[in-house]
Amino acid sequence: MKSTSLLRTSGRSLALFLGGASLLFALTGCQTYQQQSASLSTSFHNSNIAAAVADVDKEAKDHEGGKDEILWKLEQGATLRTAALTDPSQLPPPPVVIPKDPATPPPPPPTPAEITADYAKRSIAAFDQAEEKVNYWEEQAKIKVSSEALAVVTNLANIPYRGRTYDKVMLDTYNTLNYLQLGQIDSARVSLNRALQRQRDAVELNQKRIAEAQEEAAQAREGKVKDEKGKSASYDVDKAQADPKTGPALSAALAESTAPIKAYGDYVNPFAVFLDGLFFTVRGENGSDWERGRKSFERLASLVPENPYVVADRDLGAAAAEGKAPEGITYVIFETGTGPYRDQLRIDIPTFIVTSRLAYVGAAFPKLKFNGDYLATLAVGTSAGGPTVNTATVANIDSVVANDFKNEWPTTLTKTLIATATKAIVQAIVQKQMSDQNAALGFLGGLAMTAVNASTNIADTRTWLTLPKEFQYARLATPADRKLTLTAGTQTKTITLDPGAVNVVYVKSVSTTSPLLVSQIILK
C-alpha cells in the first residue's frame, strides 16, 4: 500500500512537472529566428518585394506588443523602404478610401509617384514605432523584468529584443534617406542628429551591459545557484571558459564571427558619417552646419582612407565651411547584398563544477554567417565618353555587425553559460528527487527534463536580416546632358538626372540576380 501511494504521489509530481514542461514548450517554441523569418528572407532575397511586404506586414502586426516587436518593425521599415525604390507597377497600390456619400466621386487612382511616396511614409512609420520601443527599453534599462528571470530556465531569445546599437543607428540613417526622398529636409536633419547621438551613447551603454554581466557572473561564483542536493553551489564562468574542451570551441566561434572586422572603431557606421557630412555640407544653413559637414568628412577620411572619393569630399567640406557652395556634383550611392545572419552551434560546457551527475552539457551559442551573393561594384558611365567610375565601399555592414557581436560576446557568453548550467542543475535535482521516490519515475523524469532542456537549448539568433552587406558610393561631375549609365553584373540602366545642383542617385541590389532598383534625390 505504501509503495502504491508513493507511486501515485510521484505520478502526480511527474504530471505537474510535465505540465510545467508543456508551459515552457509553449513559451519558448523550438524555432530560431531564421526559421521564423524564412518566408520574408526568401521573398526579399529573390526581389519579390510585393510578397516580402505582405510577409513583413503580417509578421509586424502579429508581433505587436511581443518580445520581438522592435525587430519586426525594423524588418518592416527596411522592406517598405525597398518597396519605395521599386517600380510602382510591381507593387499593390495603397488602399483607396471610398467616400461614404454616393454622390461624391471616388478619388482618382494614385499616380506612380504617390505610390512610391506612400511606401516611403509607411517605412518612416515603422521605423518610428521601432524607435519608440527602443527609447522605452532604454528608459527601463535598470529594471530587471520577469522575462529575464524566465530566460534562466529557457533561453536568451525569451528576453525582449531591445535593439542593438547598429540597429538604432541604421533605423535613423534609413529614415534620413526616406525623408530626403520625400523632400522633407528638416525631418532628415532630426534623424541625422539622432543617428549621431546613438553612436555617441553606444560606448557607455556597452560598458553598463558588461558590468551587469560581470555582476551575474560574480553572483554565480558566490553560490547563488544550488546543486542537486539543494546546497549552495558556485559556477565559475571564467573556469568554464578556460576548460580545455570548451575554451577552444568558443574562441573559434568568435574568430569566425568577427573575421570581417575593419578598423572603424566601436559602434561607428561610416555610411551614417558619410551621409552626415554630405547633408551638412550641401544643405547647411550656417557656419555651424558647414563645420559639422567638414568634420564628418574629415572623420570619414580617417575611417575609410582606401576609398578614392573621400579626399575630394574632405576638400568639399572644407570649401563649404569657407563659404564656397558645392554644385555640379552627382553622387551615386550603391546599397548591395544582404547583411549577416546569426546561426547557432552547440558547444559542450562543463557542469561538473556544480553537479556530479553531469560532466558536460550542450549549450547553444550564436555565430555570425555572411552572405556572398552580392554585386561587388557598380560602374557609372556617361554618354560624353568620359572615364567610367566605379563605386567604392564606404561602409561594410558585415564589419559593423561583427564589431557589435564582438562587444556583445562577453555578455552573451556569461548569460548562456549560467542559464545552461542552471538548467543542468535543475535537471539533476528533479532526477534525484524522483529517483529517491521511485527508480522508474526517476528515469521518466530524466527523459522529460532532457526533452525540455533540448527544446529550450536555442541560441538567440535574432538579428536584422534585411540590412545590406555594403554601402558604396561614387562621385563625379554632373555631365552636360545629365545622362548616366549604370552597370552591375549583367545589368545596365541608363537614367536622366533630375534638375539639380547636387544630385544623388540611389541604387539598391539585393543579390547577383535581383534587378537594380534606382531612385533619385535632389539634394540641392
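This is a predicted model: local features need pLDDT of at least 70, side-chain atom pairs count only at pLDDT 80 or more; totals for chains, interfaces and linings use all residues.

Trainee: Is E69 buried or exposed?

Mentor: The relative accessible area of E69 is 13%, so this residue counts as buried. E69 belongs to helix α5, which covers residues 69-85.

Trainee: Which residues is E69 in contact with, leaving aside its neighbours within four places in sequence?

Mentor: With those neighbours left aside, E69 is in contact with H63, E64 and K133.

Trainee: Where does A402 lie, and what is its relative accessibility?

Mentor: A402 is part of helix α15, residues 397-437. Its relative accessibility is 0%, and A402 is therefore classed as buried. Beyond its neighbours within four places in sequence, A402 is in contact with S257, T258, P260, I261 and L368. Consider L368 in particular: 34 residues separate L368 and A402 along the chain, yet their C-alpha atoms are 7.5 Å apart.

Trainee: How should I think about buried residues as a group?

Mentor: In soluble globular proteins, nonpolar side chains tend to be buried together. In this model the largest nonpolar core has 99 residues, and Y174, F274 and W464 have the most contacts inside it. Helix α15 supplies the largest share of this core, nine residues. A second, separate core has nine residues, among them V53, L80, A84 and Y119.

Trainee: What is F274 in contact with, leaving aside its neighbours within four places in sequence?

Mentor: Its contacts are F297, L300, D313, Y331, I333, V394 and Y473.

Trainee: How does one describe two helices that pack together?

Mentor: Two values are used: the angle between the axes of the helices and the distance between those axes. Helix α13 (residues 287-303) packs against helix α14 (residues 310-321) at about 160°, and their axes are 8 Å apart. An angle over 145 degrees counts as roughly antiparallel, and α13 and α14 are therefore roughly antiparallel to each other. Their crossing is left-handed.

Trainee: Which residues make the contact between α13 and α14?

Mentor: From α13 come W290, E291, R294, F297, E298, L300 and A301, and from α14 come V310, D313, R314, G317, A318, A320 and A321. By class, the residues of this contact are eight nonpolar, one polar and five charged.

Trainee: At what angle do α3 and α4 pack?

Mentor: Helix α3, residues 38-45, and helix α4, residues 49-62, pack at about 155°, with 8 Å between their axes. In the contact, S39, L40, S43 and F44 of α3 meet A51, A52, D55 and V56 of α4. The contact of α3 with α4 has five nonpolar, two polar and one charged residues.

Key
Residues are numbered from 1 along each chain as its sequence is written. Side-chain values use heavy atoms; hydrogens and water are left out. Axes are lines fitted to C-alpha atoms, for helices over the stretch in contact, and angles run from 0 to 180 degrees between N-to-C directions. Helices (H or I, at least four residues) and strands (E, at least two) are DSSP runs, numbered from the N terminus. Angles under 35 degrees count as roughly parallel, over 145 as roughly antiparallel, 65 to 115 as roughly perpendicular and the rest as oblique. A crossing is left-handed if the near helix is turned anticlockwise from the far one by less than a right angle, and right-handed if clockwise. Contact means heavy atoms within 4.5 Å. Ala, Val, Leu, Ile, Met, Phe, Trp, Tyr, Cys and Pro count as nonpolar, Asp, Glu, Lys and Arg as charged, and the others, Gly among them, as polar. Buried means under 20% relative accessible area, exposed over 50%, partly exposed in between (1.4 Å probe, protein chains only). A nonpolar core is a set of buried Ala, Val, Leu, Ile, Met, Phe, Trp, Tyr and Cys residues joined through side-chain atoms within 4.5 Å.
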